[in-house]
Each structure stands twice: as C-alpha cells, then as structure tokens.
Amino acid sequence: MGDTEFRLRKRTIRVLHLEDDPDDATLVARELRNFGLSCEITVAATEKKYLEVLDETLFDVILSDYTIPSYSGVSALAKAQHSCPSIPFLFVSGTMGEETAVQCLKSGATDYVLKHRLEQLGPAVLRALRESQERKDRERAEIALRESEERFHAFMDNSPTVSFMKDAEGRYMYVNRTFERVFRTTLEIVRGQTDHDLWPQNIAQEVRANDQKILDLGQPVELLENIPTPDGQMRQWLVLKFPFTNHGGQPFLGGEALDITERKRAEDELLKAKALAEKANRAKSEFLAHMSHEIRTPINAVIGMTELALDTALTSQQREYLEMTHASADSLLTIINDILDFSKIEAGKLELDKSEFDLRENVVDSLRALSIRAGQKGLELACRINPDVPHHVIGDPGRLRQVLFNLVGNAVKFTKQGEVIVEVAVGPSAQRELELRPDWKPVQLRFSVRDTGIGIPKDKHRQIFEPFAQADSSTTRKFGGTGLGLAISAQLVHLMGGQIWLESDDGKGSVFHFEVPLQARSPASPNPLMADSQFRDLRVLIVDDHPTTRLILAQLFENWGMRPVTADSGSAALNELWKAASSNAPFHLKVIDAQMPGMDGFALIAQMRRSPELSNHIIMVLPAGARPAEFDQCEKSGVCACLSKPIKESELLHAIASAFQSTRTNGSAARPSPPQASAAPRGMRILLAEDNPINQRLVYEILIKYGNQVSMVEDGMAAVEAWENNRFDLILMDVNMPEMDGVAATAAIRAKEQLLRRNRTPIVALTALAMKGDRERCFAAGMDHYLAKPIRTEQLMDAVHSIGSGGAKASPEPESSHLQKHLPTAHEPTLSPPGRGTPFDASGASSPPGRGEEVGRLMETGPATSGQSVTPNSLDAFLNYLGGDRTLFQTMARSFLDQYPALLERLRHAVQTKNALEVQRAAHRIGGTMTYFDPAKSGKIAQRLEEMGRQNTLSEAEDSLRELERTVTQLAEKLEEFLTQDAAP
C-alpha cells in the first residue's frame with residue numbers, strides 16, 4: 001500500500017452520489033464501507049438536489065447513475081466539469097454499454113462501474129482519488145520547481161558581482177545580468193564563446209590557464225585577474241572560481257568576480273598614508289623616549305643623592321625633610337613613567353563626538369572585550385538592559401565604551417569569584433540642556449556596574465575618582481595599574497554632562513553608577529527586536545546554574561512576549577522537559593549554558609538526543625573565551641546556534657528566527673500556532689493570492705511598508721491549502737486565477753470554516769476588470785470587500801485596516817514609503833452586497849461598538865477615491881507612479897522582459913488552437929502586467945482578448961493578437977532602452 005493510498009484510507013472521503021433508487025444508493029454505500037473506505041455520502045435523487053449540493057459543498061469524488069428521471073448522467077458530468085473539474089467523476093450504472101462507457105470517458109469521466117459488478121467500485125474510487133491526489137502533487141511540485149528557478153534567476157541577475165559558468169573547454173554557458181551590463185553584451189552573444197573571443201590574446205591565455213589549473217585541482221580558488229571593460233580601461237577583478245559537475249558527471253567551472261580596482265587604488269593610498277603616519281608616530285615615540293630620559297635623569301639624580309644624603313649623619317629635622325623629598329621624588333617618577341609610557345598626557349584634550357549608534361550593541365561589545373579575562377577567572381559577566389531603554393541614541397559611542405571598559409575592567413580585576421553585572425536603565429530627566437536634532441528628545445540613561453569583589457571603604461569613595469588614586473597603596477602593589485582609569489572615566493562622564501558615583505562597603509563588592517544625557521527619537525521608534533510577533537507565547541526553557549543570568553534571560557524573553565521557564569541544572573532541566581511533554585505543552589525553544597556543575601550543557605543535550613521529542617530547537621551558550629574545541633563540540637551536538645557570553649539581544653533573536661526559519665524551510669511545523677489576538681493596525685498576518693508577479697510585488701511592497709507579515713500564493717487551490725495550514729488576519733484574493741479562481745477559493749474557504757468551525761477570515765477581492773456580475777459572484781461566494789486594479793496604497797490600506805483591524809485608523813505613512821502620492825486612482829464600481837448581516841471581526845465575534853458602521857460604510861460605498869485618475873501612460877509616468885523607486889522599477893521591468901515572450905507564445909498557441917479558456921487565461925496574465933506598463937494600448941487589447949475568451953468569440957482574436965504583439969514588442973524595446981540609460985553612470 002503506497003503512502004497516498006494509506007492516507008486516503010485513513011481520512012473521511014466526501015462522496016456526492018446522484019442516484020434516484022434508494023436501494024441502489026444503499027448498496028453503493030455498503031460496498032464502499034466493505035472495501036474499507038470511510039465515506040461521508042450525500043445522495044442526490046434529483047437534478048435540483050444535485051445542483052444545490054454541488055454548489056454548496058466541496059466533495060472528494062462524484063458518483064452518478066447514467067440515467068436519472070428528467071436528467072442524465074451526461075448532464076451531471078458536464079455540470080461537474082464546469083463547477084469543479086478537479087473532482088473525480090465515476091458512473092455507476094446498470095444500463096451502460098461499452099460504446100456508451102467509452103464515450104463518457106472521452107467526455108471527461110474518470111471511470112465507470114456496472115451495478116452488477118459493484119465489487120469493482122471500491123478499487124475504482126480509490127484509484128480515482130489516488131490519481132487525483134498524485135496529479136495535484138505533481139502540479140505543486142512543478143510550481144515549486146518553477147518558483148525555485150525564478151528565485152535563482154532573480155538572485156543571480158540582482159547580484160552585484162559578475163557571475164559566469166563555463167564548460168570544460170572554456171566555452172561560456174551562462175552569464176548574469178551584471179556581466180551583460182558591465183561588458184555590454186548579452187547571454188545570447190556570449191554563449192558558446194571562449195575567452196579568446198572576448199579578451200586580448202595575452203589575457204585570454206592567462207585566464208584559460210587559471211581555469212585549467214582549477215579544474216585539475218578540483219577545489220575553489222580565489223585570485224586576481226586583469227580584464228578590460230569595453231571602454232578600454234583595464235580593471236582589476238577579485239575572482240572566486242570553483243569546479244563542479246552536473247548530474248551526468250560533466251565538469252564545469254563557475255565564477256564570481258568583483259571589480260576591486262578602486263579598492264586597490266584606495267589600499268595603495270592607505271599604505272602610503274600608513275607609512276607617513278608610522279613615520280610621524282616613530283618621531284613622536286622618539287620624542288617621548290627622549291623626554292622620558294631627560295626627565296627621568298634629573299629625578300633619578302634627586303632620588304640617588306637623597307639616598308646618599310640619608311646615609312650621612314643628619315639631624316632629625318634634616319632626615320625628615322630628606323625622607324619627604326625621597327618619597328615625593330619616587331611618587332613623581334612613578335607618575336611620569338605611567339604618563340609617558342602609556343601616552344596618557346593627552347587625556348585632558350578630549351572632544352566629544354555626536355553620532356547615532358545602537359546602544360545595546362555598543363554596551364555588549366564593550367563587555368565582550370573583557371569577557372575572556374572574566375572567563376579565565378571563572379567570573380559570570382552578564383548585561384541587563386531594561387526594555388524601555390531606546391535602541392538608537394545620539395552621543396559619543398567611543399567615550400561611552402571607554403568608560404564602561406574602565407569600570408568593568410576594574411570590576412573584573414578586583415573580583416576573585418562571583419559575578420560582574422552591567423545594568424542599563426532610564427534615569428530621571430536630564431538636567432543639562434542639549435542641542436537637540438529635529439525629531440529627537442533628551443533621555444537620561446543610568447549605567448551600573450555591580451561586582452562581588454573586594455569592595456571599597458566608604459571613606460575612600462570620593463578619593464577613588466581622583467587622578468592616580470587607589471583605595472590604598474597595597475591595592476596598587478597587588479593588582480597593578482596607574483590609578484588613572486577611574487579618574488579618566490569620571491572626566492569623560494563629566495564632559496558628557498553626567499555624573500558618576502559609587503556604592504560599596506569593604507569586602508562586600510561594589511556598584512559603580514554613572515548617568516549621561518543622550519538623545520533618542522521622538523516619538524520613540526519601535527523596538528526592532530519586538531517588531532516581529534511570530535514568537536509571541538513561545539515556551540522557552542532556560543538552563544543555567546547562575547541565578548542572575550537566568551533572571552536576565554527570563555526577563556528578556558518576557559519582554560519579547562514569550563513564556564520562559566528556568567532550571568538551575570541539567571537534571572532540573574530534564575524534569576521540566578518531561579513534565580512539559582507529559583502535559584502536552586512542550587517547550588518550543590531551549591537555551592542551555594555549556595558550563596554547569598554536575599551535568600554540563602553538552603551532557604544534557606546528549607540526554608535529550610535520546611528522546612527526539614525533547615531535542616528540537618536548542619541554542620547553546622558557550623562561556624566567554626570559549627576554545628575552538630568547544631565550538632566544534634557545540635556544532636557537532638546538532639544545536640541550532642552557538643552563542644558566546646555575554647549574550648547580545650540581536651544575536652539571540654537572530655538565532656531564534658534562523659532556527660524556526662530552518663524548520664519551516666524543511667517543511668515541518670515550527671511551533672503550534674499562537675492564540676488568536678485582536679487584529680492590530682500594524683503587524684497583520686495577510687495571505688495574498690495573486691498569479692501576476694507584477695501585482696504580487698506591488699501589493700507585497702505596500703503591505704510590508706506598514707509592518708505586515710505577508711504570505712503569497714499563485715492560485716486559489718494554494719490559497720485554500722495555505723488557509724487550512726495557517727491562521728491569517730486577512731486574505732487578499734485575486735478573482736481571476738488559474739486552476740481555481742478566487743471566487744471558487746473563497747467559497748471553499750467559507751464551506752470549510754463551517755465544516756471545521758473555524759473563525760471567519762475577512763477576504764478582499766482584487767480584480768483588474770469590473771465585469772458584469774463580478775460583484776454578485778464575489779459577495780455570493782462570501783467575500784467582504786472589492787478592490788479594482790491598479791491597486792492604490794490608500795484604498796488597499798483602508799480596506800486592510802477597516803476590515804481586518806476593527807475600524808482602527810490606518811497608521812501614518814512611514815518615512816520609507818514613497819508610493820502613496822504617486823499611485824493612480826482606479827475607476828472602481830460601487831459595491832453594495834445585498835443582504836449582508838452583522839459585520840464580523842477577525843476572531844469571529846460580534847463587532848465592537850462603532851466597528852459595524854465603519855465596515856458597513858466601506859462595504860456600501862466601496863473604496864474611497866480622490867482626485868482625477870492618474871493612470872501612467874509612459875515609462876517615466878510609471879517610474880513616478882512607483883515614487884521614483886528605480887530599484888523596484890528595474891525589478892518589475894526585468895521581470896516583464898523575462899516573461900513576456902513566453903506569455904505571448906502561450907496566447908498565440910491558444911488563439912491558433914481556438915482554445916477560448918486558454919485565451920482568456922493568457923490574455924488575463926498579460927493584461928495584469930499591462931495595467932501598469934501600458935494600460936492605454938496593450939492593456940486594453942489584452943482586456944479585449946480576455947473578454948473574447950470569456951465569451952468564446954474568437955473570430956477577431958488573430959487581428960487583436962497581432963496588434964498586441966506589435967505594442968508589446970515596442971514596449972519591450974522601450975524598456976530595454978530605458979534600463980540601459982538608467983544603468984549608465
């Protein structure tokens with residue numbers, strides 16, 4: 001039994017049986033049960049009942065008698081082929097002859113079974129279902145392959161590097177668009193040529209020799225090659241070449257080349273500047289060394305003569321004076337040595353920088369510079385940044401990092417065991433007036449460095465910040481240092497307009513605090529680490545023997561909306577894992593410390609690997625200064641990521657996202673769907689069902705600019721499948737799509753909502769044509785709104801937010817958005833769905849007060865329009881229509897240039913073969929693109945051809961096709977010229 005047959009036998013099969021004889025219907029049902037099929041059978045004894053249930057319910061297979069009073073099986077077959085052509089149709093008849101059966105099979109029937117041979121029915125039904133499922137699987141595989149190829153070509157053609165592929169003889173087999181643009185050629189010209197056909201002979205010989213060495217070596221090689229461009233300039237290229245073989249074992253050579261001519265020129269200039277700087281630095285060092293000698297010589301003389309004098313007979317007063325002189329000279333020599341040896345004489349000549357930087361990254365980077373030292377001493381070095389601390393601030397990142405480095409460095413130096421914790425919080429309002437940039441506001445940040453070290457007596461707190469000071473002289477001798485670190489830190493904090501202070505007792509550790517005024521955005525920009533809500537309610541297990549680290553990680557995950565649970569050892573973690581598994585609430589993510597007493601992180605993972613249900617989504621945290629062997633062990637353990645302490649928030653979130661993205665890519669569920677939340681004006685989960693790539697790209701760009709999560713499919717069947725496997729706040733459904741159109745897909749979703757008792761999902765129709773009857777078909781199928789193409793930002797976002805967000809006002813346009821002012825106003829019909837009930841929300845509950853009026857107004861008046869229609873009629877106008885976004889324009893234009901020959905060929909073949917349905921589909925596909933590029937000419941011709949296909953009136957189709965080919969070819973030439981001019985420097 002194959003996998004497909006096994007799945008079919010395990011599921012309930014929905015059967016529509018057209019049969020007027022109740023006894024025969026009973027026999028058929030019993031035969032299917034006896035065969036082992038679990039069936040849900042709907043019997044229709046009349047034409048009326050058959051047509052009614054066929055339109056209202058989605059079936060897996062249709063069985064029909066050949067003769068029905070006042071109706072016929074042939075008519076039933078024709079109706080089924082029109083309404084649901086993908087559903088298998090079998091005749092079950094007692095009067096069908098062989099000739100009739102053959103005719104029915106030719107007409108589209110899947111199979112037939114005679115009533116006196118009902119033992120053949122079960123195998124026939126199973127066979128028909130299996131063939132139908134396998135056909136769907138093949139179609140999905142073909143779509144996936146096509147998408148993969150499109151992604152590959154899009155990736156290669158948009159790569160900034162020159163990419164190429166050659167065969168073993170050196171003939172070019174492929175070049176990307178960058179190669180074509182740089183060397184002013186095309187793939188059609190280059191294919192089959194060698195380097196001797198393209199470059200001067202001496203260069204071609206060198207390149208060919210390099211290629212042959214790499215093919216013989218069988219390994220990738222990075223090298224420099226000099227290749228001229230068509231303007232005659234010799235350019236230097238950094239080339240990575242690599243050998244590979246195809247499925248047939250034939251050898252090929254691939255390559256990626258980057259023009260580094262300017263980089264090499266800059267490197268040469270940098271080397272010259274470096275030489276000059278080193279010369280100046282040597283002069284400075286020689287000066288300092290000379291001055292050091294000049295200063296030390298007299299001081300050494302003072303000290304030496306004083307010591308000699310102290311060995312002579314002296315009065316008590318003379319001895320006291322000389323001892324003071326000796327001590328002072330000795331201290332002075334120490335200070336001069338520190339200043340001169342480490343060039344700290346410039347510490348008081350500081351100018352603060354004012355630049356924007358990521359505060360979290362800056363703080364953690366400061367700590368990582370000391371993490372190895374802390375790890376060598378066995379200290380836990382961690383950082384806790386409160387969630388209300390802004391991410392991006394304006395200040396001096398270098399000086400802030402220097403202060404943290406000095407404070408944390410001292411804490412590590414004076415701590416034997418325990419921990420060093422850095423905390424960052426928003427302090428009281430800044431007292432110092434700052435020169436604020438526009439849209440920025442002052443913010444006072446408090447930094448605290450807490451250690452479990454030797455502590456400082458209270459009477460030394462003020463003195464500790466004085467230059468060259470230590471708590472006592474023994475500290476200096478025991479731990480070393482000049483005593484300048486805290487003094488310089490205090491000076492920097494004061495220059496930044498802040499203050500620094502200390503909390504400590506002798507032997508009880510220390511806490512150094514400092515506050516500085518910085519600038520943050522106003523209004524505050526959204527936290528980039530919390531913008532993606534896909535991980536909300538994620539259950540996380542944190543395993544670490546250090547309580548402070550557990551607390552910091554738990555608070556961090558809580559700030560991200562996750563649900564953390566902590567364990568202080570490997571055994572405690574195993575208990576939590578099994579307890580969660582037994583309660584059917586497993587952990588979606590495990591963050592495990594590598595070094596723990598007893599059972600360490602690696603041993604814990606080994607235990608978890610013995611039970612597959614415990615071993616998914618593991619992130620290992622290695623100690624600061626981990627050795628390469630530990631990283632190798634971490635990678636071999638099969639975890640999703642290995643992070644070093646102290647943990648950086650961005651790295652942790654990226655590791656989590658990568659882990660779950662990898663799972664989704666592999667085809668398994670990353671985690672259970674989180675509980676449905678009320679729809680919000682931003683961050684909605686939207687399914688876009690659209691077969692035209694141009695429309696896909698535009699709608700996708702508009703939606704993601706407003707913070708939405710967008711999934712895309714290309715036909716109605718895929719939309720239904722995506723809806724079954726996911727939860728969406730809103731579906732944007734193109735009306736005309738291949739296989740299953742948007743109307744049929746909506747009807748299927750609505751039927752499944754009732755069958756599965758799922759909450760109702762709002763669906764908005766998208767259509768390029770407002771044809772007669774479209775409104776009734778859309779609303780009859782269960783759609784909630786209707787937008788005409790070309791899509792405008794205002795209309796789209798009004799529909800999204802009004803229907804999907806409870807009537808909430810749309811968010812203001814983000815700074816990066818440039819489409820809204822340029823998108824055209826579409827002439828759209830006024831749509832009033834008759835008999836609509838109470839408006840609904842995404843959760844299926846009744847609408848809140850005021851929501852029904854908003855949705856009802858939108859439903860009755862249609863999308864708002866303002867101003868005159870601004871449909872673009874030239875490429876310049878289309879570029880303005882895209883808000884001047886040249887990258888988006890180039891992407892859409894290249895996509896059109898890649899696709900239009902195949903689309904025209906498809907339409908041409910359909911016209912020649914008089915295939916009206918295919919004419920309609922192909923013309924619709926071209927028309928969807930022409931709506932943006934050339935609506936006045938090509939777009940109207942394509943719409944005319946689509947209508948011819950819809951009405952099955954193809955007498956003038958060939959004339960319209962020739963006219964369309966002329967206009968599309970002219971458009972393609974203009975696009976090529978436009979792109980060439982646009983790419984010119």
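**Close-up 1. The link of Cys634 and Cys642 is left-handed, with -105° about the S-S bond.** This view comes from a predicted model, so every value in these legends is computed from predicted atoms. The sulfur atoms of Cys634 and Cys642 sit 2.0 Å apart and form a disulfide. If you go looking for others, a search of the whole structure finds one disulfide.

**Close-up 2. Cys84 and Cys778 both count as buried.** Here are two further cysteines to look at. Cys84 has a relative accessibility of 11%, and a residue under 20% is classed as buried, so Cys84 falls in that class. For Cys778 the relative accessibility is 1%, which puts Cys778 in the buried class too.

**Close-up 3. Helix 2 and helix 6 cross at roughly 70°.** Two packed helices are described by the angle between their axes and the distance between the axes. In this pair, helix 2 covers residues 22–34 and helix 6 covers residues 121–157, and their axes come within 8 Å. Angles of 65 to 115 degrees count as roughly perpendicular, so helix 2 is roughly perpendicular to helix 6. On the helix 2 side, the residues that meet helix 6 are Val28, Glu31 and Leu32. Helix 6 brings Leu121, Gly122 and Val125 to the contact. Sorted by class, this contact holds four nonpolar residues, one polar and one charged.

**Close-up 4. Ser960 is a buried residue of helix 32.** Helix 32 runs over residues 957–983, and Ser960 lies within it. Ser960 has a relative accessible area of 5%, so it counts as buried. What does Ser960 contact, leaving aside its neighbours within four places in sequence? The partners are Ile941, Arg944, Leu945 and Met948.

**Wider view. The protein chain has 985 residues, 45% of which count as buried.** Zooming out puts the close-ups in context. The secondary structure of the protein chain comes to 32 helices and 29 strands. Taking contacts between residues at least 6 apart in sequence, 67% join residues at least 24 apart. The accessible surface of the protein chain is about 49200 Å², and carbon and sulfur atoms account for 51% of that surface.

Technical notes
Residues are numbered from 1 along each chain as its sequence is written. This is a predicted model: local features need pLDDT of at least 70, side-chain atom pairs count only at pLDDT 80 or more; totals for chains, interfaces and linings use all residues. Side-chain values use heavy atoms; hydrogens and water are left out. Axes are lines fitted to C-alpha atoms, for helices over the stretch in contact, and angles run from 0 to 180 degrees between N-to-C directions. Helices (H or I, at least four residues) and strands (E, at least two) are DSSP runs, numbered from the N terminus. Angles under 35 degrees count as roughly parallel, over 145 as roughly antiparallel, 65 to 115 as roughly perpendicular and the rest as oblique. Contact means heavy atoms within 4.5 Å. Ala, Val, Leu, Ile, Met, Phe, Trp, Tyr, Cys and Pro count as nonpolar, Asp, Glu, Lys and Arg as charged, and the others, Gly among them, as polar. Buried means under 20% relative accessible area, exposed over 50%, partly exposed in between (1.4 Å probe, protein chains only). A disulfide is a pair of cysteine sulfur atoms within 2.5 Å. Accessible areas come from the Shrake-Rupley method with a 1.4 Å probe; for residues, only the protein chains shown count as cover.
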